[in-house]
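Here are some exercises to work through with the model open beside you. Try each task before reading its solution.

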Amino acid sequence: MSKHVSRPLIASTVAAACTLALPALAQGRQLTLTTQLKNYGGDGAYLAVYLTDSKGAYVRTLWVAGGKAKYYKHLTDWNRLSGSDARRLAGVTGASVGAGRTFKVTADLADALIDAGYEIRIDAAAEDMRDSPSDVRMPLTSQSVGKSQTGKQYVQSLTYQLK
Amino acid sequence: MGWKAVHRWLGLVAGCLALVLGVTGAFLAADPVLQARHASPVPAGLSVAALAERVQRAMPGVEEIRRLPSGAYVAYGFDGEQALASYVDPADGRALPGYRPSELPRWVKNLHRSLLLGDAGRWGAAALALAMALISCSGLVLLLRRMGGWRHLAGPVRGSLAQRLHVLVGRIVLVVLCLTSITALYMSSTTLGLLDLDAGPEPDVVSTIGNQGGLPAAQVPMLQSLGARDLRKLNFPSATDPEDAWKVTTRQGQGWIDRYSGQALAWQDSTAAQRVYDWAVVLHTGESAWPWAVLLGLAGASIVLLWWSGLFVWWRARRQAVRITGNSPPAQADALVFVASEDGSTWGFAQALHDALVRCGHRVHTSGLEKFQTTPSTRYVFVLAATYGEGQAPTHARQALERIGRLPVGTAPVAVLGFGDRQFPAFCAFAKALDQSFRARGWRALLPLECIHQQSSQQFAAWGEALALALGEPLALNHAPRVPPSTTLTLVSRQDYPGRTDQPTAILRFQWPRRGWRDRLRGRGLAHFAAGDLVGIVPPGVGVPRYYSLASGSEDGFLEICVRLFPDGLCSTHLHGLKPGDAVQAFIRRNPGFALQGRRQPVVLIGAGTGVAPLAGFIRRNDRRTPMHLYYGGRDPAHDFYFEPEIRGWLREQRLASLQTEFSRIAGGGYVQDALRRDASRLRDLLRRGAIVRVCGSRPMGRDVAQTLDGILGTLRLSVQQLKAKGRYAEDLF
């Protein structure tokens, strides 16, 4: 359902950000992402969770699942966009995620990133299967908190909370 | 540590785990074979551009086209929300049914490469690959040693069933196993991050958005220039990202193309490491080359056979090995005993000599002949040498003659004692060569060369007496031959041939206790046997067994021998006194050179008297109706035509193709060689067509038969000696 919904959703949130002009809070917010994978019938998936800005430019890597650098090229969008970020793997890597499993990622975000056109993206790939750049994209807005987004091939649902 | 030790210990230890890799590898080899049926022929000259155009027409949402190693093309895309993946026909872009990433469960692959233990398991599997490479290399060295060099590598293999299996299978799959291990190591080192295959970071390229729309695939110059046959992967520009570019990957490298202008944005050649990797994958997995995958699969499965036979050979050798007790270091010993033995039996004699010398106050060092070396303390040197095959040295002592020729001549006198069997033309040939070499080099002789026939304890004791005289010491050699564990056989029936003037004969049929699987596994109970093998009978109160040729095999369900009574023969007297229900102790001794191991060539069987027994056994089990021709010589058809009713029956059943008999004590009679001469032209014809010959009877009869056949074969430029060397002619003489 989400593919058709996502465009208007972004449009409306961008509009909301412009008109409401939320008061800027000094402290950051904690983002908790919960991702459940589909039973895609393959080995553990490599995933890259990252943020892009309103122009689609890479901002920051939130999490990379899968430990072998030689497979990172299969996370095509992230690998290309984050190529110049020397710290893209700093403290944000873990094991690959099995089909059907759920994993959680937490990250501290500056307030300025929320409701400002930023987007959470997940690239996914598994051995002998298709690479899925931007398998799921979800706007980083306070309205999307608690809502679920389905990915193209690997991600069953992506939801997040902000504290 | 020698090659043999490397081969043995790596094989035993790493071998059990390599079994897992072998079996799973064999299983995985099925994938390329199954995938191969999806390959479609590629039209000549088809470009990537044309292929992409065709596929896009048939599947508008296509995002990626891959050419699988099998040669099949797969297109991935979306139909709205629905992810699509299917084979496509390169001829028209049409979707073909049946796409699945792999035909086999994934856990098999994971077990194969990581033992289901993640990265630790990958290191483990890589270590196993290294072990496998070492096992293959040491195996090649041992194989060359055993066969006597590259030129003899394809020659006939002798030894027990397990030894033959190990050598025959190893000879075929060794190269394949070596190759798979080396490629596995290469693949592991890339996965474990020891080797980098990438040409560097991918370029950050974008399509420059202009006024015009995207260029169709058919008009992109780079895609036009690339052949569909070389394609690995083609990624279409994303429908949602206007800056996305074409990305194309071929065997040569990968390129990026502007989606609007069609201009190449970047190109990266694949690295040399990547090209090697591509080859390693093909060689290791057989993908893209299914006949090779079949071979790989067989090689993988053969590890089971190699491991089992290797284990068996090792276990047998271990059981037969004699460990010398009370060995002094060579530098302190005054008497050195060197042993050359193929099957280990000579070590028993060495131990007896060793013990006798120790009892006389000597400090003795006993070791293998390959370690021949004297020291300043050496006063006597003894060499106990068996002969292997056609007069060769036992395998471990192959270099011994050369070594002795190289070492300086010592002051200590040498005594050489040979062990062998007079049945073989090269009786004690190796011991003779050793003795000659010592004399020629100028070593003093302690005793003249003596040759012991069939491990005779009496002859050995007599040699001991001569030694005692030479040393001037009260030396006594007590050698008790080692009798293998025996089984109780029960006589079920006997058929008597009273004989006219000479000794009676009986065909005795025994039963043996059935073995459970546990006994079988441990090698307990009566071993599996075939006609032509020998049964050793241990008469009560006598430690020395007598051997009889078997007229039946395990499959027949009974054990049959044909025994002629010898007036002073302890064993034959005991056997002739048996009544049905009585028991004897017995064990099986294999006679691998004589038994017919499922050969398909015609067979000429020549037997006299009780010597017909193993030949009858061959015919009895000739279920495949191989042409067998029996020449039988006796004295009087009324008295000593053993197995006559059976033989007539086998003729009718065509288990036996022809029968020629000759009896010496009837009017106009003769010997079996007369029957051969009479049939000379047919025999020549049979032997020209590759027939094999088995002769069983007395030693004089064997000699006469060989002479007669040599006469018959003369015109073919063949000889009994040549046939023997090829394993086509074997004798069982007594």
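**Exercise 1: a sheet in chain A**

Strand β2 (residues 46-52) and strand β6 (residues 119-125) of chain A pair in the antiparallel sense over seven bridges. Before you start, note that this is a predicted model, in which local features need pLDDT of at least 70 and side-chain atom pairs count only at pLDDT 80 or more, while totals for chains, interfaces and linings use all residues. Residues are numbered from 1 along each chain as its sequence is written, and chains are lettered from A and ligands numbered from 1 in the order in which they are written.

*Task.* Find which residue of β6(A) L51(A) stands opposite, then work out the order of the strands in the open sheet.

*Solution.*
- Step 1: terms. Strands (E, at least two residues) and helices (H or I, at least four) are DSSP runs, numbered from the N terminus; two strands pair if DSSP finds at least two bridges between them.
- Step 2: the facing residue. Opposite L51(A) you will find I120(A).
- Step 3: the order. The open sheet of chain A has five strands, running β4-β3-β2-β6-β7, with mixed pairing.
- Step 4: the edges. β4 (93-94) and β7 (132-139) of chain A each have a single partner strand, so one side of each lacks a neighbour in the sheet.

**Exercise 2: a helix in chain B**

*Task.* Describe which residues of α21(B) are buried and which exposed residues its opposite face carries.

*Solution.*
- Step 1: the span. Helix α21 of chain B (residues 699-713) has 15 residues and reaches 21 Å from first to last C-alpha, close to the expected 21 Å; that expectation is 1.5 Å times one less than the number of residues.
- Step 2: the buried set. M701(B), G702(B), V705(B), A706(B), T708(B), L709(B) and I712(B) are buried (20 or more other C-beta atoms within 10 Å of the residue's own; exposed means 12 or fewer, partly exposed in between, with C-beta atoms placed from the backbone).
- Step 3: the arc. Down the axis of α21(B), these buried residues fall within 165 degrees, so they line one face; the arc uses directions from the helix axis to the C-beta atoms.
- Step 4: the other face. Turned away from the buried side are the exposed R699(B), P700(B), R703(B) and Q707(B).

**Exercise 3: where the chains touch**

*Task.* How many residues of chain B are in contact with chain A?

*Solution.*
- Step 1: the count. 15 residues of chain B contact 14 of chain A (C-beta atoms, placed from the backbone, within 7 Å).
- Step 2: the elements. On the chain B side, β3 (82-88) and α6 (161-191) give two or more residues.

Definitions and conventions
Two residues are in contact if their C-beta atoms, placed from the backbone, lie within 7 Å.
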